[in-house]
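I opened the notebook to go through one structure, item by item. Notes follow in the order I looked things up.

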Amino acid sequence: MSSIEITVDGETVTGRAGQTIAGVLLASGRASWRTTRSGAPRGVFCGIGACFDCLLTVNGVPDVRACRRRAADGDEVRTQTREGSA
């Protein structure tokens with residue numbers, strides 16, 4: 001399998017072609033990448049796209065489920081937060 005590189009909050013992360021973004025993040029040692037309004041950390045919960053715990057912004061598109069979106073070489077990923085939201 002070939003390697004890919006994505007950028008997560010400005011940091012380059014290496015993964016494998018075919019991995020989901022969640023898979024790339026988990027393999028890089030990140031267990032969470034979003035916080036709720038209360039500040040609680042969130043990452044992958046269900047792993048099948050039924051919940052909304054793994055949301056990210058990918059290439060400028062917000063609320064992408066990291067467990068469902070395959071990582072592509074060059075993806076720009078930004079973590080999201082809901083702290084302070086109504």
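**Salt bridges**

I started with the charged pairs. The structure holds four salt bridges. The model is a predicted one, and I read each distance below as a computed value.

I looked up E11 first. E11 pairs with R30, and the closest N and O atoms are 2.9 Å apart. E11 sits in strand β2 (residues 11-16) and R30 in the loop between α1 and β3, so this bridge ties together parts that are 19 residues apart in sequence. I then checked the exposure of each partner. E11 is partly exposed, at a relative accessible area of 46%. R30 also counts as partly exposed, at 22%.

Next I took D53 and R42. Their side chains meet in a salt bridge of 3.6 Å, N to O. D53 lies in the loop between β4 and β5, and R42 in strand β4, so the pair ties together parts eleven residues apart in sequence. D53 is buried, with a relative accessible area of 17%. R42 is partly exposed, at 31% relative accessibility.

I asked which residues are linked with this pair in a network of salt bridges. The network consists of R34, R42 and D53.

Then I went to D75. D75 forms a salt bridge with R69, and the closest N and O atoms are 2.7 Å apart. Is D75 buried or exposed? D75 counts as buried, at 4% relative accessibility. R69 counts as partly exposed, at 26%.

**Overall fold**

I stepped back to the whole chain. The protein chain has one helix and seven strands. Along the sequence, the pattern reads β-β-α-β-β-β-β-β. The radius of gyration is 12 Å, close to the 12 Å that the globule rule gives for 86 residues, so the chain is as compact as a globular protein of that length. I also noted the extents of the C-alpha trace. Along its principal axes the trace spans about 40 × 25 × 20 Å.

I looked up burial and surface next. Buried residues make up 35% of the 86 residues. The accessible surface of the chain comes to about 4900 Å². Carbon and sulfur atoms account for 48% of that surface.

I checked sequence separation in the contacts too. Among contacts between residues at least 6 apart in sequence, 37% join residues at least 24 apart.

**Nonpolar core**

I turned to the largest nonpolar core, which has 17 residues. Which of its members touch the most other members? They are I6, I21, W33, L56, A66 and V77. The elements that give two or more residues to this core are β1 (3-8), α1 (21-27) and β5 (55-58). α1 gives the most, with four residues.

Leaving out residues up to four places away in sequence, L56 touches I21, L25, W33, V61, P62, D63, V64, A66, V77, R78, T79 and Q80.

**W33**

W33 was my next stop. This residue lies in the loop between α1 and β3. W33 counts as buried, at 5% relative accessibility.

The C-alpha atoms of W33 and I4 are separated by 20 Å, and the two residues are 29 apart along the chain.

**T36**

I closed with T36. T36 is found in the loop between β3 (34-35) and β4 (41-42). Its relative accessible area is 16%, and T36 is buried. The cut-off for buried is under 20%, so T36 falls within it. I looked up which side chain T36 joins in a polar contact. The partner is S38, and the contact is 3.0 Å.

Definitions and conventions:
Residues numbered from 1 in each chain as written. Predicted model: local features only at pLDDT ≥ 70, side-chain atom pairs only at ≥ 80, totals over all residues. Heavy atoms only, no water. Core = buried A, V, L, I, M, F, W, Y, C linked by side-chain atoms within 4.5 Å. Buried < 20%, exposed > 50% of the residue type's maximum accessible area, 1.4 Å probe, protein only. Contact = heavy atoms within 4.5 Å. Polar contact = N/O pair within 3.5 Å; in protein donor to acceptor, adjacent residues only side chain to side chain. Rg over C-alpha atoms; globule rule 2.2 N^0.38 Å. Areas by Shrake-Rupley, 256 points an atom, 1.4 Å probe, with all protein chains shown as cover.
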